[in-house]
Amino acid sequence: MVSDCQPGSDPCPGQSCDEEGDQCLDLCDAVGSFSCRDHAAAGRLCLDLGTNDGIEPRSGGIDELEIDLTDAVSFGGGVSVTCVNAVDVSAGVSGTSVDGNTVTVSFSPGLPGQDACTVELDCGALVCVRGVDGDLNLDGETNTTDTSQVKLRFDQDAGTAGPQWDFDCSGVVNTTDFSQIKLRFGNAAPACP
């Protein structure tokens, strides 16, 4: 723990500081990531995946990932992706953009489901995310608990219920989500390396 951390000065030369000013951070550390999807009338909704082992449960997986950095100034646009079960998915990176300290990476096709993928930016920041279709309660496996919990949210819009409960991204949680989740029982993904 450091005290009175000031970006670029002792005790954090060449680094930045956390919001509380008590921890030195590399200039390009990932501090969060979000999988974003369009949910029809509910609009674009993002699911917080953190920086390690976060789960994207919605149909279609991760096709847009926002990565929050301590400082995006050293990001040059390069992205590499390594998945546990897939061969090379770096070719699926279809674009990047920067807004402040948030880098948005687009994938086409989306990152593979039932897998753990490490996304590394050319400035050294990395996050590891998992795709588990139908695992709406984010516990690592699609099972009856997911269908039971989605029933509690029937007729809620995706913004009110939370984006993970609108499996098909229709904008509303309903019986279609319930039925599609049942077809995916047993889905799971390996833990991030």
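Helix 1 (residues 144-151) packs against helix 3 (residues 175-182) at an angle of about 180°, and their axes are 9 Å apart. The model is predicted: local features need pLDDT of at least 70, side-chain atom pairs count only at pLDDT 80 or more, and totals for chains, interfaces and linings use all residues. Residues are numbered from 1 along each chain as its sequence is written, and side-chain values use heavy atoms, with hydrogens and water left out. Helices (H or I, at least four residues) and strands (E, at least two) are DSSP runs, numbered from the N terminus.

**Helix pair**
- Helix 1 and helix 3 are therefore roughly antiparallel to each other (an angle over 145 degrees, on a scale from 0 to 180 degrees between N-to-C directions, with axes fitted to C-alpha atoms over the stretch in contact).
- Helix 1 contributes D146, T147, V150 and K151 to the contact, and helix 3 contributes D177, F178, I181 and K182; contact means heavy atoms within 4.5 Å.
- By class, this contact of helix 1 with helix 3 has 3 nonpolar, 1 polar and 4 charged residues.

- An open sheet of 5 strands has the order 4-3-6-9-8, with antiparallel pairing; two strands pair if DSSP finds at least two bridges between them.
- Strand 4 and strand 8 (93-99) are at the edges with a single partner strand each, so one side of each has no neighbour in the sheet.
- On average, neighbouring strands of this sheet are turned by 25° against each other, direction ignored.
- Strand 8 and strand 9 (residues 102-107) run antiparallel and are joined by 6 bridges; D99 has T102 of strand 9 as its bridge partner.

**Nonpolar cores**
- The largest nonpolar core has 24 residues, of which L65, I67, L69, V81, L111, V119 and L121 touch the most other members.
- A nonpolar core is a set of buried Ala, Val, Leu, Ile, Met, Phe, Trp, Tyr and Cys residues joined through side-chain atoms within 4.5 Å.
- At least two residues of this core come from each of strand 6 (64-69), strand 7 (79-83), strand 9, strand 10 (115-121) and strand 11 (126-131).
- Another core, of 7 residues, lies apart from it and has L136, V150, F167 and V173 among its members.

**The loop at G50**
- G50 is in the loop between strand 4 (44-48) and strand 5 (52-56).
- G50 is partly exposed, with a relative accessible area of 25% (buried is under 20%, exposed over 50%, partly exposed in between; 1.4 Å probe, protein chains only).
- Not counting residues up to four places away in sequence, G50 touches G32 and S33.

Methods. Parallel < 35°, antiparallel > 145°, perpendicular 65-115°, else oblique. Nonpolar A, V, L, I, M, F, W, Y, C, P; charged D, E, K, R; others polar.
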